Amino acid sequence: MSRASLDKDPRDVAAMFDDVASKYDVTNDVLSLGQDRLWRRAVVAACEARPGQTVLDIAAGTGTSSEPFADDGVDVVPADFSLGMLRVGHRRRSDLGFTAADAMNLPFADESFDVVTMSFGLRNVADPDAALREFLRVTKPGGRLVVCEFSSPTNAAFRTVYSRYLMRALPAVARRVSSNPESYVYLAESIRAWPDQRALAHRVQAAGWEDVQWRDLSGGIVALHRATKR
């Protein structure tokens, strides 16, 4: 079993996700108390993708975030750098074009996609700013970016309770349901170290995106950042 550290060596992060791939979706459903389904629906709505458009779903894992696009007739490319995740996803939905891809060096041509979206993956990238610039490169002019990521609860009291859950309860629950419970210690640490909503918005803008906005979900446990390419 392996877990990554906060320096986020890509090989360690990929190996960690390879370890958890088989039970990843079930574990996330349990740990989020089912909220992950609501978050996925919010991402699809924010992307506003239509049939005839192409979506890059980076850090798609096993493809649960890509399925709604495909089911709506939108061309979607589920991409991830964990081969273990891609294998599990391909077994589930062999009709989806799962692609191995590094967020910091995408294997796609300039201006290939109408929408680039990433859910709960930017936090795991060694250089998030480089990834945001890559997303801009592969997006068509006028295209959209939608990033769903853990964030900072807006209520101070709830933020304290949430922090305690992350560091204490989450790893304990993960030991019962995950194939690699130690990876969820990293998960808790990485969430606590991640910038809040406003700080992430500034980084998105600094990468060259425009009209940057965010929307809090579940009291700020998660934030949905949206931006456009000029």
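This is a predicted model: local features need pLDDT of at least 70, side-chain atom pairs count only at pLDDT 80 or more; totals for chains, interfaces and linings use all residues.
Residues are numbered from 1 along each chain as its sequence is written, and side-chain values use heavy atoms, with hydrogens and water left out.

**The hairpin and its strands**

- Ser218 lies in the loop between S6 and S7, and with a relative accessible area of 26% Ser218 is partly exposed (buried means under 20% relative accessible area, exposed over 50%, and partly exposed in between, with a 1.4 Å probe and protein chains only).
- Strand S6 (residues 210–217) and S7 run antiparallel and are joined by 6 bridges, where two strands are said to pair if DSSP finds at least two bridges between them.
- Leu217 has Val222 in S7 as its bridge partner.
- S7 is also joined to S5, by 7 bridges, and these two strands run antiparallel; here Arg144 has Thr228 in S7 as its bridge partner.
- Strand S7 (residues 222–228) has 5 of its 7 residues buried, so it is largely enclosed by the rest of the structure.

**Positive phi values**

- Most residues other than glycine have a negative phi, and most peptide bonds are trans.
- Ser218, a residue other than glycine, has a positive phi near 55°, and Phe120, also a residue other than glycine, has a positive phi near 55°.
- Phe120 is found in the loop between S4 and H6.

**Helix H6 and what covers it**

- Helix H6 (residues 128–138) is mostly covered, since 8 of its 11 residues are buried.
- The buried residues in H6 are Pro128, Ala130, Ala131, Leu132, Glu134, Phe135, Leu136 and Val138.
- The cover over the buried residues of H6 includes strand S1 (54–58), strand S4 (113–119), strand S5 (139–150) and helix H9 (197–206), where contact means heavy atoms within 4.5 Å.
- Within this helix, the side chains of Glu134 and Arg137 meet in a salt bridge (2.7 Å, N to O), and because they are 3 residues apart in helix H6, Glu134 and Arg137 are separated by about one helical turn.
- Glu134 is buried, with a relative accessible area of 12%, whereas Arg137, at 24% relative accessibility, counts as partly exposed.

**Salt bridges elsewhere**

- Side chains of opposite charge can pair when their charged atoms come close.
- The structure holds 12 salt bridges, a salt bridge being a side-chain nitrogen of Lys or Arg within 4 Å of a carboxyl oxygen of Asp or Glu.
- One of these joins the side chains of Arg92 and Glu67 (3.1 Å, N to O), and the pair links distant parts of the chain, with Arg92 in helix H5 (residues 83–92) and Glu67 in helix H4 (residues 67–71), 25 residues apart.
- Arg92 counts as partly exposed at 37% relative accessibility, while Glu67 counts as buried at 15% relative accessibility.
- Arg92 and Glu67 also belong to a network of salt bridges that links them with Asp71, Arg93 and Asp95.
- Another salt bridge is formed by the side chains of Glu149 and Arg123 (2.4 Å, N to O), and this pair links distant parts of the chain, with Glu149 in strand S5 and Arg123 in the loop between S4 and H6, 26 residues apart.
- Glu149 is buried, with a relative accessible area of 0%, and Arg123 is buried, with a relative accessible area of 2%.

**The protein as a whole**

- The protein has 9 helices and 7 strands, and buried residues make up 51% of its 230 residues.
- Among contacts between residues at least 6 apart in sequence, 67% join residues at least 24 apart.
- The protein exposes about 10,500 Å², and carbon and sulfur atoms supply 50% of that area; accessible areas come from the Shrake-Rupley method with a 1.4 Å probe, and for residues only the protein chains shown count as cover.

Note on methods: Helices (H or I, at least four residues) and strands (E, at least two) are DSSP runs, numbered from the N terminus.
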